[in-house]
Every structure is written in C-alpha cells, then in structure tokens.
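Have a look at the model first.

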Amino acid sequence: MAAPSEAAAGKRRPFGTRFLTEPGRLFQHNAWDNVEWSEEQEANARSKVQENSSQLLPQDKKEEYEVNANRYWNEFYRIHENGFFKDRHWLFTEFPELAPNGNPSQNEVSECRCGSKEESNNEGLGSCENGHCSLETRAENQLNLVESTPKFCTQQSANQKHSEPNPSDGDYPGSSAAYRILEVGCGAGNTVFPILQTNNDPGLFVYCCDFSTVAVDLVQTNAEYDSLRCFAFVHDLCDDQSPFPMPEESLDIVILIFVLSAILPEKMQSVVKRLSRLLKPGGMILLRDYGRYDLAQLRFKKGQCLSDNFYVRGDGTRVYFFTQDELDDLFTTAGLEKIQNLVDRRLQVNRGKQMTMYRVWIQCKYRKAVAPRL
C-alpha cells in the first residue's frame, strides 16, 4: 500500500513509524496527525452512520443495557485485567496541567494538536468489530490497542465494599494537599500511575474513581498504588446521592479520558454539573473523547444503535460520539469557560494488514471562573 499523499495527510509528514510484532509476523504502522477530510470522505462517513443507525434497539433492550452496565464493565475488566491498555505518557504533552508545577492558573494553555507519537501507540485501533478492537489473542491486543473507557452509569448502586468517606467534617483523604486531581473513570490506572510517577510534588494528591469494582481493585492492588498520595474509590456518577470523598470546590483538575462517551446522553449534563461543583475557582476539566465519524463509529453494524450516535458494543458496553459544539454546550451550560476545544483527525496505516484507519478524537479544557476580588 502506498503512503497517503501530502494532501491526504494534511500536508504533514508522518509523525511516527513503528514496527509491531506478533508470532511470525511483522507490521509497519505509520500515522499522520491533523488530517484534513475531503467533502466526499465526510459525506461517506455521514452516509455510513445513517445506515448503521437506521435500525434502533427496542426500548426494553436499551433499559437492559442501562440496568446491567455495572455487570458489563466488571466482566470487561475481569477478562482483560490491566494487560489490555498502555500507560498514557502523552498526557503531559497535551495536558501540562498534570505535570510538576502544572497549576493551570500559572500556565498558558497552548492550542497544540491532539496527541503525540506515544499516543498513537497507546490509542491506536487496529481491527474493529462492533466498535471494539479484536480481542482474540493477547498478541493481537498488543497490536490493536484501544481507549481505556472505564464506565459508570446504571440504575443500580456500585458495590459498597469500597466505602467512601464523608468529607463534611473537613478531614478527608488528601485534605492537607495543595494540589488535587481527580480522574473519573480510572480503569486499571493507566492515567493515574503515570501522573504519580511523573509528578513528585509533595503537595499533590490524586483521586481516582470508576464505576467498576473490578477496575478499582486493580488500581488498589497495583504495586505503584500509594495511599499517601492517592485514593481510589468506586463511584456511580449518575447517582446524585452518591457522595464524593472530597468537598465541593476542593479540586484543581478533573480528568475525563474516553469516559463521558460511556454515559447515557440524557445524563451527561447533570454529570458535568456535578463535577464542575468540585472544582476550585480557576480549576479545570480536561477531556479527551471520541469524535463524530471516528473509525469505531463507522464500524458498527445495524442493530447496535441505541439512539443518535450512541451505540452498544458486542460486550454490552456503550459509547457515544461527540461533536465539538455538543461538548461546548455541556461545559458552558455547567458554567465553565472554554480554554480549548479542538478536533484531531488522525490517519493510521497498518501496512502489514493493508489497513487505513481514520480516527477522530476531541480534546477540551474548560475552566471554572475565578471569583472577582472585592
């Protein structure tokens, strides 16, 4: 397969060439960032989405996936444990707020491109079926990496064996920290542990939560888990009565990486509002998630669509595909101001499998206004 032309690659050279192996095979994988789509390509993607969403699941099936969301995600992590995903060290390029001395009030937010060489390694999608990568073998998993999308919402409460402390008395995990970060949807810790490893600021404390008790167990039993610097807990974002272990206006950063897309669309606004209340004035929400017409959306078949741009995968987990305007509306309605909202259209070419893959991701940074001085 010939490499794409400069026009197809946004007049940019490929930022990465890598060789990945599985038994008896060698694959060369190139990637181009900031790829411009032609009108024809976008029209074809729109047509594919119209086709795969023309047949919606019946209401009783939609309710079943919502009620059993906890079971589906627990099973997902039981199967894959922590070997399915890779750490996201690109975080500190795209989100310098997470690095040492990364206070967002002291740093300019650059309108940089979404992603990096390492992200291409960690977030690439090699072979999709039903919106998920092929999971047949561990060797294939090493080649066909997918986004860690630890998820939340259901109508049932999470297992309460992971108790959540009440911060009302002012004594809560991380209460003495100077800089507090919460990752929502921590999965097996692929964001949390790189932060703890990279940012040695003694004033830092990192919270992480997930809807899946299995995922939180994986974090808490990881050798890198340090209860003096981190607190992992089970939490159902869609349950307004489920308390957080920290008080409102106590966090500097909230991280949402391939997480909001797993929530029932009609519950997204209330979730964003809840999270915004946890931010200090000047605190920020950092998001990276699926964009409209991403490869994963185009690979869905008829009969897997729950509602507009919202699908169920073969394993029962669900995913939504955003536009920039939709995310801007969610955050600004919650009272946050836009710092960054950009889309990255990425072209990845797996020469060994003769595959061309177009990924679409959205990256956002929204800040809580600083109260005016009197």
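The protein chain has eleven helices and 14 strands. Keep in mind that this is a predicted model.

**Overall picture**
- Of the 374 residues in the protein chain, 56% are buried.
- The exposed surface comes to about 15,600 Å², with carbon and sulfur atoms supplying 45% of it.
- Looking at contacts with a separation of 6 or more, 77% are between residues 24 or more positions apart.

**Nonpolar cores**
- The largest nonpolar core holds 45 residues, and Leu98, Ile181, Ile195 and Ile253 have the most contacts inside it.
- Helix α7 (residues 192–198) is the top contributor to this core, giving four residues.
- Leaving out neighbours within four places in sequence, isoleucine 181 touches Leu98, Ile195, Leu204, Phe205, Val206, Tyr207, Ile253 and Ile255.
- Another core, apart from that one, has 44 residues, including Val184, Ile263, Val312 and Leu336.

**Arginine 274**
- You'll find arginine 274 in helix α9, which spans residues 268–278.
- Arginine 274 is buried but has no salt bridge.
- What the arginine 274 side chain does reach is the backbone oxygen of aspartate 239, at 3.2 Å.
- Not counting residues up to four places away in sequence, arginine 274 is in contact with His235, Asp236, Leu237, Asp239, Asp240, Ser242 and Phe244.

Technical notes:
Residues numbered from 1 in each chain as written. Predicted model: local features only at pLDDT ≥ 70, side-chain atom pairs only at ≥ 80, totals over all residues. Heavy atoms only, no water. Helix = DSSP H or I, 4+ residues; strand = E, 2+ residues; numbered from the N terminus. Buried < 20%, exposed > 50% of the residue type's maximum accessible area, 1.4 Å probe, protein only. Lys, Arg positive; Asp, Glu negative; His and termini not counted. Salt bridge = Lys/Arg side-chain N within 4 Å of Asp/Glu carboxyl O. Polar contact = N/O pair within 3.5 Å; in protein donor to acceptor, adjacent residues only side chain to side chain. Contact = heavy atoms within 4.5 Å. Areas by Shrake-Rupley, 256 points an atom, 1.4 Å probe, with all protein chains shown as cover. Core = buried A, V, L, I, M, F, W, Y, C linked by side-chain atoms within 4.5 Å.
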